[in-house]
Amino acid sequence: MSQTETRTQADVGRYVSDTWRERYFAACDAVYALGASAHAETDVETSFGTTHVYMYGPTDPVAQSRTPVVLVHGAGSCSAMWYPNTPALSAARPVYAIDTPGDPGRSVQREAIHQPERAAQWLDETLAALGLERVHLVGSSYGGWLALNQAHRRPDRLASVTLLDPGGLEKVGLRFFVWIFVSLFATFAPKALRPRLAAWLEQPVLIVPELRTMVRLGVRAYRIRRPAPLPLSEDELSTIRTPLYLLLGKRSLLVHPHRQVERVPRLIAGARAEIISNTGHGPQIDHADAVNRRMLSFMDSLD
């Protein structure tokens, strides 16, 4: 499909130009360099476009044989956002970090995937193309909705699902969009003010220069063309049988943490749910060491 044909589809994301795409990729590479080094990258074809995947792995043969981890990032980002997590996770297990089509990254979208069944089909096709029959799926924010949706619609390849302050549990409210807008505006603040703003907004983007540059260039370079996903109903949540671990930031503005930490285990049999203090929407960045330990402990308990 040509670039012109892609642009006529209102629900397919695109870069504004090749120049801005390359500038964004350079910024992403600077963030990737903060984490573990990928031992390989690959592109897999699906019905919805080309999915780009980064692969990390342990050197220990025993760890190499463990059930792999698949990471799905949040909206408006790419797999580089996992830089605080890839060193610990990939020391213990094989790790695959997926660039979601429709977000800035190295995947190429041809068809929309925001509809729940299409999203589940895309992710299942991606895992199949990678030869992954059984995975621990980890999703953050919008990636959390994708993981939750997968557990509901196509759970056969899932050994577990870990949700990090995810979408999909309740309707996205105005307070979250205001936080996103104010956080983006704060990236233009003088350097001396950024630590104070980062603490006030619970926004680590402001104090990691490479991450700040990547976020700003992503907004400038890429046009996301999809609506916010609808939350799963209580009936849909109650169908989930995949082992599930929910980690929420105490000051999250995407969900109401205390409400969901009670609700999810009530609806999903055996689900675990915890609240991480002193953080908002990014617990895996703000408290990477603690979150990495908890995720690995959960996965180990199932294997």
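**Cavities and the pocket**

1. Lining the largest cavity are Asp11, Gly13, Pro101, Gly102, Gln109, Ile113, His114, Tyr142, Arg225 and Arg226. Its space is about 50 Å³. By class, this lining has three nonpolar, four polar and three charged residues (nonpolar: Ala, Val, Leu, Ile, Met, Phe, Trp, Tyr, Cys and Pro; charged: Asp, Glu, Lys and Arg; polar: the others, Gly among them).

2. The model is predicted: local features need pLDDT of at least 70, side-chain atom pairs count only at pLDDT 80 or more, and totals for chains, interfaces and linings use all residues. Residues are numbered from 1 along each chain as its sequence is written, and side-chain values use heavy atoms, with hydrogens and water left out.

3. On a 1 Å grid over the protein atoms alone, a cavity is a set of points where a 1.4 Å probe fits but cannot get out, a pocket is an open set with protein on both sides within 12 Å along at least five of seven lines, and lining residues have an atom within 4 Å of a point. Points are joined across faces, edges and corners, and a volume is the space filled by probe spheres set on them.

4. The second largest cavity holds about 30 Å³. Among the residues lining it are Val31, Tyr32, Trp82 and Tyr83, and its lining has seven nonpolar, three polar and no charged residues.

5. The largest pocket holds about 1,200 Å³. Of its 44 lining residues, Gly74, Ala75, Gly76, Phe176 and Ile180 are the closest to its centre. The lining has 27 nonpolar, 14 polar and three charged residues.
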